Protein chains: 2
Amino acid sequence: MTKRRGGAGRPSIAGIAAAAGVSPTTVSHALSGRRAVSKETRERVLAEIERQNYRPNLVARGLRRRQTQSVALLVADLANPYYPVVARAIHDVLAAEGYVSFLGNTDGDAGSERTLLEEMAARSVDGIIMQPMGMSVTDVREAVGPAMPLVAITNGAGDASVDQVCTDDAHGIAEAVAYLAEKGLDELGFVGGPRNAPPGPSRLAAFRSAAEEAGLTVPPQWIEHTSFTRDGGATAAARLFARAGRPRAVLCANDLIAIGVLDAARRAGLRVPEDVAVVGFDDIETADLVTPRLTTVLNPAAAVGEACARTMLRRLERGPRPPYERVVLPTRLTVRQSA
Amino acid sequence: MTKRRGGAGRPSIAGIAAAAGVSPTTVSHALSGRRAVSKETRERVLAEIERQNYRPNLVARGLRRRQTQSVALLVADLANPYYPVVARAIHDVLAAEGYVSFLGNTDGDAGSERTLLEEMAARSVDGIIMQPMGMSVTDVREAVGPAMPLVAITNGAGDASVDQVCTDDAHGIAEAVAYLAEKGLDELGFVGGPRNAPPGPSRLAAFRSAAEEAGLTVPPQWIEHTSFTRDGGATAAARLFARAGRPRAVLCANDLIAIGVLDAARRAGLRVPEDVAVVGFDDIETADLVTPRLTTVLNPAAAVGEACARTMLRRLERGPRPPYERVVLPTRLTVRQSA
DNA sequence: TTGAAAGCGCTAACAG
DNA sequence: CTGTTAGCGCTTTCAA
């Protein structure tokens, strides 16, 4: 049924206007509703649009209107099961409001982050949602300029000129430490993420202060750093378990690491939780499927995504002026079997 | 450091041209290299670009060049762990070639698929990669017109005017059936996906013919249909296990379903694999983490993504003329504990 | 090696 | 209620 014009591509507004005997302006307004159009005219126009199967060229519209109805979503690693859930929630909320999403994978690397940020800015996206890993929130703001709507997924403090959605990681971690302490497991280790990439340091800091709060001392050799992966966790835990004297419980900066720790424990012949208790962070779907079922801190991924999208929509409506929002989402301990 | 122009937004090519004392044309060519520019002129232009921190407006460029260096990726459900892996691979390959990805979530629904397809076409993406679920491959081609580069992720036959990347599901399923038959497990059940959505029917068909090949008869009541989710699998398997007489082994149309079947078996007090063997499909990361570890057919997600991206790149280079490609990727049985 | 002019397809300002 | 004109920021003829 599709009608094609002479040699060129899709039908354009000019073709519709000519065929309907009106000006392009009128076609535009019949479509957008931004100006009154008489019923008969509108019907004639819409009929012609239907006949030619016309769809407005959104690139041209974007150039003219100076807004593209698009949002960039920059994540560290889409293959990490936490992000797809966030991404899906963001996508769904945004799509319902007529926005389309660009997806960018940064690998948590500052260089890639900067490149993608510039790329997206050059594409005139209406906003950017990202979890800065290599860059600081302030860096990000500087990179995209003061006018770009920006929602950062963070964890903890920071008050740059950016809207933030953050999870109260410290609360869940404190809950976990208190839970372990109460069980008499007062020799705690921690397998954290990379030394400098969020949310590694902040979760470690939360762990330290929770341990202190609980009156526990944590020897430095029981704190390991690794990547946010299963293999990373396994390797780090292998080091931990190889030492003379090992912790009775290990908290991990995310579930993938924790699953790796379970691997290492199995290989080292340690029973979980009898010989060593393991607590994860995130509560990805897999956490409930491993053996033993993973006790972990629930990080509400879908809620984070939804909050990001809604915060972005509000910002898009309000324009770039302060004040900036800060949405804090709770985390809480989910007790299963591993601790 | 960022320089901003008078009242408006980002610096434009005109501003650079004026400041460098050349025409916009020359700036454009200094940037694109599509025409020779004298060394001195180029350096002057580039210096000015640097000074003003100019980045070309890609929306304007896209309108003019009639290509946007963007590709749409339409998946059924990003939260299904299979897709993030595909998406990441696609993203990485495409990004390396200077393409950016739009992400769309269709929920496997024909309406959403059509809407997103039109949206992406209206945005003049250079190509679309999708796994059609509600729509047929032919429908998709019709919806976007003959000129749109299109790579479909499919499973099995079909030769519409579309490039296809498909996995040889039948092979892996045949392997699984043969493996079970050899073990003497000749009473087979199947928990398939939705009746009409790919890859449900094709995997069921593959199962049927493999069973026939192996000389096994499969009673109709041992074939269940459900959604591609853990809950769906659990519900379907509960029905299966509630019947008088149940299969000795159950093949599933994907791993999520299989994990649901494990749930149901546990609830029904059935041991896996002793009372009932379970085989999944996809080999998502979780398959190796559940208890018992899931025997499943490996569906090479990252390879699928990479093949999609490379096929798209070739198509982008060659233009819309036939012939169309068909890349077939192997699947194979991965034996663990559940069967 | 460079520039002027035209125009991608749309919408907004202005005018009636 | 409708049309004319101008131009978003870029690239591409065409001409020098």
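Analyst: Leu78(B) lies in the loop between strand E1 (70-75) and helix H5 (82-96) of chain B. Helices (H or I, at least four residues) and strands (E, at least two) are DSSP runs, numbered from the N terminus. This is a predicted model: local features need pLDDT of at least 70, side-chain atom pairs count only at pLDDT 80 or more, and totals for chains, interfaces and linings use all residues. Residues are numbered from 1 along each chain as its sequence is written, chains are lettered from A and ligands numbered from 1 in the order in which they are written, and side-chain values use heavy atoms, leaving out hydrogens and water.

User: Is Leu78(B) buried or exposed?

Analyst: Buried means under 20% relative accessible area, exposed over 50%, and partly exposed in between (1.4 Å probe, protein chains only). Leu78(B) has 0% relative accessibility, so it counts as buried.

User: Which residues is Leu78(B) in contact with?

Analyst: Contact means heavy atoms within 4.5 Å. Beyond its neighbours within four places in sequence, Leu78(B) is in contact with residues including Pro84(A), Arg88(A) and Leu103(B). Leu103(B) is 25 residues away in sequence, with 9.3 Å between the C-alpha atoms.

User: How do I read phi and peptide bonds?

Analyst: Most residues other than glycine have a negative phi, and most peptide bonds are trans. Here, Asp282(A), in strand E9 (residues 277-282) of chain A, has a positive phi near 130°. A cis peptide bond joins Pro322(A) and Pro323(A), with omega about 0°.
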